[in-house]
Amino acid sequence: RAAYGFPTTDVFDITGVPGAQEADFQGVRIYTSAACPQEVHGAILGKYIAAGGPLAAGLPTTDETTVPGGNAAGRMNTFTSANIYWSPWTGAHIINGAILAKYLDKGGAGAFGFPATDIYNIPGVPGATECDLQYARIYSSAAGTNEVHGAILSKYLVMGGPQARGLPKTDESTPAGIP
């Protein structure tokens with residue numbers, strides 16, 4: 001009771017999400033489904049609700065937890081269709097789909113830091129999306145999803161980024177023969 005506060009609603013069914021229920025407390029919202037109950041609170045809950053909640057991101061599959069490989073100050077919840085990350089430096093941001101898969105494949109917060117933006121459409125580049133991270137950017141389109149970071153990212157942005165140079169065709173990598 002001390003962590004969650006007192007209940008502010010009864011348990012109720014979530015419209016449009018068969019078999020799912022929720023209950024609100026003073027400091028947290030708990031979602032339940034056939035899997036098990038999971039809690040979402042604070043800035044992550046605010047982002048989740050703003051993004052459309054269970055209808056957009058799915059139900060939570062974890063309680064809020066520390067971020068694997070990330071700074072201990074950061075937190076996250078996983079949902080059936082997205083992840084939401086929070087840090088005191090970047091706030092709460094939701095990522096999903098191919099960009100989330102690339103982020104996790106490349107080491108997530110341990111490699112690129114926390115998401116600094118939600119995924120957004122790239123102005124002037126039809127069909128392309130981007131997510132800005134603390135130390136990298138991930139670009140995605142029908143042609144693929146690739147990351148750029150460090151000095152190459154800095155140069156790419158100075159030269160006009162995707163609007164002037166197009167989207168990256170590969171992830172950043174070390175050329176063959178260079179240790």
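User: Which side chains meet Lys102 in a salt bridge, and how do I read the contact?

Analyst: The general idea is a distance test: a side-chain nitrogen of Lys or Arg within 4 Å of a carboxyl oxygen of Asp or Glu. This is a predicted model. Here the side chains of Asp171 and Lys102 meet, with 2.8 Å from N to O.

User: Are Asp171 and Lys102 buried or exposed?

Analyst: Buried means under 20% relative accessible area. Asp171 has 16% relative accessibility, so Asp171 counts as buried. Lys102 is buried too, with a relative accessible area of 14%.

User: Which residues are linked in a network of salt bridges?

Analyst: The network links Lys102, Lys106 and Asp171.

User: How many salt bridges does the structure hold?

Analyst: Six. One of them joins Lys47 and Asp118, whose closest N and O atoms are 2.7 Å apart. This pair links distant parts of the chain: Lys47 is in helix H1, Asp118 is in the loop between helix H4 (108-112) and E9, and 71 residues separate them. Asp118 is partly exposed, at a relative accessible area of 24%. Arg137 and Asp132 form another salt bridge, at 3.3 Å from N to O. Arg137 is partly exposed, with a relative accessible area of 22%. Asp132 has 11% relative accessibility, so Asp132 counts as buried.

User: Lys47 is in helix H1. Which residues of H1 are buried?

Analyst: Start with helix geometry. An α-helix has 3.6 residues a turn, so residues three or four places apart point the same way. In H1 the buried residues are Ile44, Leu45, Lys47 and Tyr48. They cover an arc of only 165° around the axis, which puts them on the same side of H1.

User: What do the buried residues of H1 pack against?

Analyst: They pack against strand E3 (29-32), strand E4 (38-40), helix H2 (53-57), E6, E7 and E8. After H1 comes Gly52, whose phi is positive, near 115°.

User: How many aromatic pairs does a search of the whole structure find?

Analyst: Three. For each pair, read the distance between ring centres, then the angle between planes. Planes under 30 degrees apart count as stacked, and over 60 as edge-to-face. For Tyr48 and Phe79 the ring centres are 4.4 Å apart and the planes stand at 20°, so the pair is stacked. Tyr48 belongs to helix H1 (residues 42-50), whereas Phe79 is in the loop between strand E6 (75-78) and strand E7 (83-87), 31 residues apart. Both residues are buried.

User: Which aromatic pair is edge-to-face?

Analyst: Tyr139 and Tyr156 form such a pair, with 5.7 Å from centre to centre and 85° between the planes. Tyr139 lies in strand E11 and Tyr156 in helix H5 (residues 150-158), so the pair ties together parts 17 residues apart in sequence. Tyr139 and Tyr156 are both buried.

User: What is the strand order in the open sheet that contains E11?

Analyst: Strands of a sheet pair through backbone hydrogen bonds, either parallel or antiparallel. Here four strands follow the order E9-E10-E11-E12, and the pairing is antiparallel. Strand E9 (120-121) and strand E12 (144-149) stand at the edges with a single partner strand each, so one side of each has no neighbour in the sheet. Six bridges join E11 (residues 136-141) to E12. Within E12, His149 stands opposite Ala136. Helix H3 (residues 97-105) packs on this sheet, touching strand E10 (129-132), E11 and E12, and its direction makes about 140° with that of E11.

Conventions. Residues numbered from 1 in each chain as written. Predicted model: local features only at pLDDT ≥ 70, side-chain atom pairs only at ≥ 80, totals over all residues. Heavy atoms only, no water. Pairing = 2+ DSSP bridges. Helix = DSSP H or I, 4+ residues; strand = E, 2+ residues; numbered from the N terminus. Contact = heavy atoms within 4.5 Å. Axes fitted to C-alpha atoms, helices over the stretch in contact; angles between N-to-C directions. Phe/Tyr/Trp six-rings, centres within 6.5 Å; stacked < 30°, edge-to-face > 60°. Buried < 20%, exposed > 50% of the residue type's maximum accessible area, 1.4 Å probe, protein only. Arc of directions from axis to C-beta.
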